[in-house]
Amino acid sequence: INFFFPLLSLPVSGPAQVRLVNGPDSCTGRLEVFYNSTWGTVCDDHWNLVGAHVVCRQLGCGMGLSAIGGARYGRGKDPIWLDNVQCTGMEAALSECRARPWGTHNCGHGEDVSVVCSGAPTPGEIQVRLVNGSSSCSGRVEIFHNGSWGTVCDDGWNMTAAEVVCREVGCGSALSAPAGATFGQGAGQIWLDDVTCAGTEAALSLCQVSSWGSHNCGHREDAGVECSEPTQVRLVNGSSRCSGRIEVHHNQRWGTVCDDGWDLADAEVVCRQLGCGTAVSAPGKAMFGQGHDPVWLDEVNCMGTEGAITECNLKRWGDHNCKHDEDASVVCSGKSCNGMPSS
């Protein structure tokens, strides 16, 4: 049985520092905490998204997207400082959460925790695009890193990784994950090799990969992706394209979404689909006015990681028990959008 103990008293200088290392930016990576003049790691026993939220807030990195165990971003080499961390989510720093005393643990570095936050110090620093395909939703996978575009090797490339790419580029679900430079050979660096994704990552760079630029491939092994075209979504009657009543395009008509079960996780998917940042609120009750066309969707239930609202659990198109005074709305953090994906 694991017991929780309050952390030992910290010096009056303030809460213990934390950092995320070995990731693509300082808002993603293995969690390390500074104690007794040394950086050390945190064990993944009982680690969850609530603790990740505290870390992300402490770093000024937005909200926690993933709380990952099993040394996803590599094993640390210094002390394992914390184990059995239990946060309520209200703490201003990780060191205010309950845990075993500093340095008391039953873990190895194979259990080091990692965190993925919604914020990034340089938004858009790592980008993905599909080139040489028949549309913007198919082609050779290219990733922008360290100032230049490069390719991804097809070793281990599969539909799970393709699903992550399709979500990241704002397309629908993955149709295929072609290997062998199906969309032609790229040039320049081969940035990633041996990519292993769980399928829930918000970006390809968050999957488990070899070190950037480390590979045993040639461009004849460049990986590709074919995605379905996305369902059109728009926000209307708001102050910008990133706020308003949500409408979806189906059967050649725009229609609304019922607010039954509508919540922030659902709004998060819409904001991501529109390229409008993160969700700020998910108002119901026709906050931005009532629609006049069909109520297309009802009882939408998203995890929050989907790339499009149509990937969420929902009733059949047009199956609902709602009126337009229940139209759902979304407010995103972005002030403007780059335009909606075409279908």
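A residue is called buried when its relative accessible area is under 20%, exposed when that area is over 50%, and partly exposed in between (1.4 Å probe, protein chains only). Keep this in mind for the exercises below.

This is a predicted model, in which local features need pLDDT of at least 70 and side-chain atom pairs count only at pLDDT 80 or more, while totals for chains, interfaces and linings use all residues. Residues are numbered from 1 along each chain as its sequence is written, and side-chain values use heavy atoms, with hydrogens and water left out.

**Exercise 1. Classify Arg316 and Asp319, then give the distance of their salt bridge.**

Step 1: Arg316 has a relative accessible area of 66%, so Arg316 is exposed.
Step 2: Asp319 has a relative accessible area of 30%, so Asp319 is partly exposed.
Step 3: A salt bridge needs a side-chain nitrogen of Lys or Arg within 4 Å of a carboxyl oxygen of Asp or Glu. For Arg316 and Asp319, the N to O distance is 3.9 Å.

**Exercise 2. Find salt bridges whose partners are buried.**

Step 1: The structure holds ten salt bridges.
Step 2: One of them joins Arg140 to Glu142, with the closest N and O atoms 2.9 Å apart; both residues are buried.
Step 3: Another joins Arg245 and Glu247, at 2.9 Å from N to O, and here too Arg245 and Glu247 are buried.
Step 4: For a network, look at Arg19, Arg30 and Glu32, which salt bridges link together.

**Exercise 3. Describe the lining of the second largest pocket.**

Step 1: The space in this pocket is about 520 Å³.
Step 2: The lining has 22 residues, and Leu49, Gly64, Leu65, Ser66 and Thr305 are the closest to the pocket centre.
Step 3: Helix H1 (49-59), strand S4 and helix H3 (264-274) each supply at least two lining residues.
Step 4: Sorted by class, the lining has eleven nonpolar, seven polar and four charged residues.

Definitions and conventions
1 Å grid on protein atoms, 1.4 Å probe; cavity = no way out; pocket = protein on both sides within 12 Å on 5 of 7 lines; lining within 4 Å. Points joined across faces, edges and corners; volume = space filled by probe spheres on them. Helix = DSSP H or I, 4+ residues; strand = E, 2+ residues; numbered from the N terminus. Nonpolar A, V, L, I, M, F, W, Y, C, P; charged D, E, K, R; others polar.
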